Amino acid sequence: MGAEIHPLAGVLARLVSGVQVRWQECQPEKRQRIYFANHTSHLDFVVLWSSLPREVRALARPVAAKDYWEKGAVRRFLALRVFCAVLVERAPAASREAMAAARTVIDRLVEAMGAENSLIVFPEGTRGSGGELGSFKSGIYHLAERRPEVELVPVYLENLNRILPKGEVLPVPLLSTTTFGPPMQLLPEEPKRAFLERAREAVCRLRRQ
């Protein structure tokens, strides 16, 4: 069953941005999906989550960095109680434990999905500048490999880096757009590199020219 939506959840995102929502060759459905998007702001998952219709939102769980969202009681409350986020550890890419940590994260995400929950993920792994998308990390590939029956929906978030620039605490009220694109899935025998590039291009195509 979907989680009970905290009354603060939808309100918070609309206080900081006048988000416009577009669906291109995709419709909001109450089904299990993995929404994957560009990452430019700590507001990204808040805005994407709130852009989903209420009945879809109740089944969607954002994936966020534990080290950021567990800093302080307010952040922890928002992440866990308001948005029902899945908080994961970030291991340095060059660390000896990186591969084991990555497998643990995937196991955690598959468990969080269960039989009906959707996830919101950011495959770049770190925030960009709002310009060209960075390379996608392999996590989304391993998720798709573990749950091949689940649709993956590309999402492009526009203007979020200007609403809450990196290093800033208070958001600036500006118009933002959330664009959902055509669902995709991992193809049989598709190589990891080819899938990651195809997924990245799916997000890039949604960017307004």
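This is a predicted model: local features need pLDDT of at least 70, side-chain atom pairs count only at pLDDT 80 or more; totals for chains, interfaces and linings use all residues.
User: How many helices and strands does the protein have?
Analyst: There are nine helices and seven strands, taken as DSSP runs numbered from the N terminus, with at least four residues (H or I) for a helix and at least two (E) for a strand.

User: Where is Asn-117, and is it buried or exposed?
Analyst: Asn-117 lies in the loop between helix H6 (98-113) and strand S5 (118-121). Its relative accessible area is 16%, so Asn-117 counts as buried, a term that means under 20%, with exposed over 50% and partly exposed in between (1.4 Å probe, protein chains only).

User: What does Asn-117 touch?
Analyst: Leaving aside residues up to four places away in sequence, Asn-117 touches Gln-32, Leu-59, Arg-61 and Ala-112, where a contact means heavy atoms within 4.5 Å.

User: And which strands pair with S5?
Analyst: Strand S2 (residues 33-37) pairs with S5 in the parallel sense over three bridges, and strand S3 (residues 60-65) also pairs with S5 in the parallel sense over three bridges; pairing requires that DSSP finds at least two bridges between two strands. Leu-119 in S5 is the bridge partner of Ile-34 and of Arg-61.

User: Which way do the S5 residues point?
Analyst: Ser-118 and Ile-120 point one way, Leu-119 and Val-121 point the other way, and all are buried. In a regular strand the side chains alternate between the two faces of the sheet.

User: Switching topic, how many salt bridges are there?
Analyst: The count comes to eleven, a salt bridge being a side-chain nitrogen of Lys or Arg within 4 Å of a carboxyl oxygen of Asp or Glu.

User: Where do Arg-200 and Glu-132 sit, and how far apart are their closest N and O atoms?
Analyst: Arg-200 forms a salt bridge with Glu-132, and their closest N and O atoms are 3.4 Å apart. The pair links distant parts of the chain, with Arg-200 in helix H9 (residues 192-204) and Glu-132 in the loop between S5 and helix H7 (139-146), 68 residues apart.

User: Are those two buried or exposed?
Analyst: Arg-200 counts as buried at 11% relative accessibility, whereas Glu-132 is exposed, with a relative accessible area of 69%.

Conventions: Residues are numbered from 1 along each chain as its sequence is written. Side-chain values use heavy atoms; hydrogens and water are left out.
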